[in-house]
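Here is a short briefing on a ligand site and the packing around it. Please look over the sequence and model first.

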Amino acid sequence: MALVHSPHLVCSDGAVVPLRVDRWVGCAENVDTEILAGVKGPVLDVGCGPGRHVAALAANGIVAMGIDISHEAVALAERRGAPVLERSVFDAVPATGRWATALLLDGSIGIGGNPLRLLERIRELLANDGTVIVEVEGLGIGCRRVDARIRVDEALSNWFPWARVGVDGIEYLAHASGFVLSHLGVKESRWFAFLNAPVPQ
Ligand SMILES: C[S@@+](CC[C@H](N)C(=O)[O-])C[C@H]1O[C@@H](n2cnc3c(N)ncnc32)[C@H](O)[C@@H]1O
């Protein structure tokens, strides 16, 4: 009998991380809505996938937009009525310098394989007093730049640059990219860091 695997991210550091596609295509979970409660709009969801966070924000009257490079993910998001753009975060993004909040949730800190460069890019996209909410992994991961590929059943994608960041890596990254780590907390085994751009004196 052939082995059947659900999708996994296979990383060059040996980690094999289940890809929670069921979670991404579903609605925002309780943890997500708690994290999003009280965020200031407009919100830019970077690597929004099928748009569950954007949809939840819009349902609460908060102006939000998602960006993602995946055509399939953007199509799914559009189908649920979430405002999204098929675009890389490293390309031109509307309202650059005016987003109040950016989201890097459920693995999106790995985008591009260089979290420092990604956070510096987010800093450009945010308003001067903006906040980025970053979901990170637990202790012992630090900040790792890896190569990764997606495995579905027996099929493997090409390698692409990715990154893993843990609770023990985010403070250094925050400072190095010009943010201040204002809060780090855990909810239902998921870790979230709030990084603020320091208000200029
Ligand atoms: C781990 S998934 C995050 C899913 C989503 N944040 C959620 O919680 O439902 C990472 C997403 O980042 C997207 N992505 C990868 N590179 C990107 C880039 N350069 N710009 C924008 N999105 C990107 C992928 O297509 C993928 O949908």
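Which polar backbone atom is 3.1 Å from a nitrogen atom of the ligand? It belongs to L105. This is a predicted model, where local features need pLDDT of at least 70, side-chain atom pairs count only at pLDDT 80 or more, and totals for chains, interfaces and linings use all residues. Residues are numbered from 1 along each chain as its sequence is written, and side-chain values use heavy atoms, with hydrogens and water left out.

**Ligand site**
- The ligand is surrounded by 17 residues (a heavy atom within 4 Å). G47, R52, D68, V89 and L105 are the closest.
- A polar backbone atom of V89 lies 3.0 Å from a ligand nitrogen atom. S88 places a polar side-chain atom 3.1 Å from a nitrogen atom of the ligand.
- On its own, the ligand has 610 Å² of accessible area (Shrake-Rupley method, 1.4 Å probe), and the protein covers 87% of this.
- The shell holds six nonpolar, seven polar and four charged residues. Gly counts as polar here.

- I122 touches V46, V89, A102, L104, V132 and F179 (heavy atoms within 4.5 Å), not counting residues up to four places away in sequence.

**Aromatic pair**
- The whole structure has one aromatic pair (ring centres within 6.5 Å).
- F160 and W162 form this pair, 5.9 Å centre to centre. Their planes are 85° apart, which is edge-to-face (over 60 degrees).

How values were computed:
A polar contact is a pair of N or O atoms within 3.5 Å; within protein, one must be able to donate a hydrogen and the other to accept it, and residues adjacent in sequence count only if both atoms are side-chain atoms. Rings of Phe, Tyr and Trp (its six-membered ring) pair if their centres lie within 6.5 Å; planes under 30 degrees apart count as stacked, over 60 as edge-to-face and the rest as tilted.
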